[in-house]
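Please take a moment to look over the structure shown below before reading on. The paragraphs after it are meant for a reader who is meeting this structure for the first time.

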Amino acid sequence: MELVLAFLKIGAVSYGGGWTIVGIIKTEVVGRGWLDEQGFSELVGLAQVTPGPVALNAATLVGYRLYGVPGSIAASLSVVFVPTLLILAAGFILGKLGERTALRLDQSLRTATFALVALTLWSFAPAAAASIPAAAYALVAFAVSAFTTVNPVWVILGAGSVETIRAVFAR
Amino acid sequence: MEETRNPGLFGIFSLFAGISTLTIGGGYAMIPVIARKVSSKGWLDEAEFYGLFATAQSLPGPMAYNTALLVGKRTAGAAGALCAGLGILLPPVTIVMIAAALVSTAGENAVMGAFLRGAGATVPGLVAALLLRMTLKRSWNPARALLSAGAAAAMIAAPVWAVPLFFVASAIAFLFERPEGGNGS
């Protein structure tokens with residue numbers, strides 16, 4: 001029950017991409033003494049390897065570590081509960097606002113979101129410039145995603161495969 | 001409603017389940033994949049999708065999940081939203097539970113580590129492409145351009161304040177948007 005409450009709260013206050021949410025989960029989970037720092041880091045490693053939103057995966061894992069399968073289902077449902085309600089309500093409220101106000105709001109959020117994505121790019125830039133292979137993967141991903149109709153998922157899986165082959169041959 | 005705008009509940013579920021199963025690297029890897037798929041299927045045009053993405057950013061919760069819910073809602077109502085949400089949730093929750101039962105420290109495995117490093121290295125490129133596509137699909141005017149650039153500079157200068165700055169920028173932008181829906185000033 002305490003687990004459900006904690007993840008309801010995490011879901012309600014977590015803004016931005018997965019990494020922000022992971023930070024919030026860490027504060028809650030490590031702060032409550034459910035897991036230690038080391039255990040949490042291992043868990044985040046696993047949340048990255050598995051597909052899907054990193055924050056959701058982290059929630060599922062914490063639930064699993066604490067209470068097994070029921071715990072993981074409870075934690076993942078709790079973390080998305082408040083966002084789900086808000087999204088359903090947002091559509092309703094936007095409908096009440098009238099088309100013009102809704103349009104203004106939509107345009108203003110687009111203006112601000114542009115800045116948020118720019119910030120994300122800025123914070124990722126050093127990682128892309130860190131090595132020649134890293135820059136190459138990023139450049140290919142950029143070119144494919146920006147200028148072709150190829151699904152970017154193939155570039156993600158392809159880069160992973162190429163790096164694995166490189167690592168095997170480097171031994 | 002045109003045919004293309006009505007993908008069906010199972011169509012929505014399977015699209016998001018597929019994306020959620022294959023995409024490693026979290027939200028910023030998933031958003032470009034979702035953008036590509038929904039526009040190639042003709043459910044939404046790309047500019048409309050970026051509008052939903054903006055709304056998703058303004059609400060709490062995992063970004064990819066919020067965006068999927070909004071796409072489902074726009075194309076097939078509340079039931080569509082729930083199907084999209086289930087599609088995003090189900091594969092990772094299942095895979096994560098199996099993974100948790102099998103291994104405890106996957107990140108320390110050398111081969112898995114290399115695969116992750118490669119997959120993760122594409123994310124900066126994907127974010128750059130997302131920013132470029134958003135720029136190309138936006139109908140710009142001086143006020144919007146100045147505010148976007150100003151907000152970006154402020155967030156880069158003080159990343160800890162990114163979320164409050166997001167709302168301040170939205171509020172200022174709201175004042176500059178003409179109620180007529182014209183091209184602002």
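Predicted model: local features only at pLDDT ≥ 70, side-chain atom pairs only at ≥ 80, totals over all residues.

On the side of chain B, B:Arg36, B:Pro60 and B:Phe174 supply 8% of the area buried against chain A, which is more than any other three residues supply.

Which kinds of polar link cross this interface? The rule finds 15 residue pairs in polar contact between chain B and chain A, with both residues of each pair at pLDDT 80 or more. As for salt bridges, 1 is found across the interface of chain B and chain A, and the side chains of B:Arg117 and A:Glu163 meet in a salt bridge with a distance of 3.2 Å from N to O.

Is A:Ala112 buried or exposed? Its relative accessible area is 0%, and therefore A:Ala112 counts as buried. Within its own chain, A:Ala112 is 38 residues from A:Ala74 in sequence, and the two lie 34 Å apart in space, C-alpha to C-alpha.

Turning to chain B by itself, the domain assignment gives domain 1 (3-138) and domain 2 (140-185). The contact between them takes 5 residues from domain 1 of chain B and 5 residues from domain 2 of chain B, while their C-alpha centres lie 26 Å apart. The area buried between these two domains is about 430 Å², and carbon and sulfur atoms give 58% of it. From domain 1 of chain B, B:Ser58, B:Thr135 and B:Arg138 supply 88% of the area buried against domain 2, more than any other three residues. Between the two domains of chain B the count of salt bridges is 0, whereas 2 residue pairs, both at pLDDT 80 or more, are in polar contact across their interface.

B:Ser58 deserves a separate look. It lies in the loop between helix H3 (46-57) and helix H4 (63-102) of chain B, and because its relative accessible area is 11%, B:Ser58 counts as buried. A polar atom of the side chain of B:Ser58 lies 2.7 Å from the backbone oxygen of B:Thr55. Beyond its neighbours within four places in sequence, B:Ser58 is in contact with A:Tyr15, A:Leu109, B:Phe166 and B:Phe167.

Over all chains the count comes to 10 salt bridges. One of them joins A:Glu2 and A:Arg32, with the closest N and O atoms 3.1 Å apart, and this pair links distant parts of the chain, since A:Glu2 is in helix H1 (residues 2-13) of chain A and A:Arg32 is in the loop between helix H2 (18-31) and helix H3 (37-49), 30 residues away. A:Glu2 is partly exposed at 46% relative accessible area, and A:Arg32 is partly exposed at 33%. Both residues also belong to a network of salt bridges that links A:Glu2, A:Lys9, A:Glu28 and A:Arg32.

A further salt bridge forms between A:Asp106 and A:Arg110, whose closest N and O atoms are 3.1 Å apart. These two residues both lie in helix H5 (residues 99-128) of chain A, 4 residues apart, about one turn of the helix. A:Asp106 is buried, with a relative accessible area of 18%, and A:Arg110 is buried as well, at 14%. In chain B, B:Arg144 forms a salt bridge with B:Glu177, the closest N and O atoms being 2.9 Å apart. Here B:Arg144 sits in helix H7 (residues 142-157) and B:Glu177 in the segment after helix H8 (162-176) of chain B, 33 residues apart, and both residues are buried.

Key:
Residues numbered from 1 in each chain as written. Chains lettered and ligands numbered in written order. Heavy atoms only, no water. Domains from an automatic or database assignment. Contact = heavy atoms within 4.5 Å. Buried area = accessible area lost by both parts, 1.4 Å probe. Salt bridge = Lys/Arg side-chain N within 4 Å of Asp/Glu carboxyl O. Polar contact = N/O pair within 3.5 Å; in protein donor to acceptor, adjacent residues only side chain to side chain. Buried < 20%, exposed > 50% of the residue type's maximum accessible area, 1.4 Å probe, protein only.
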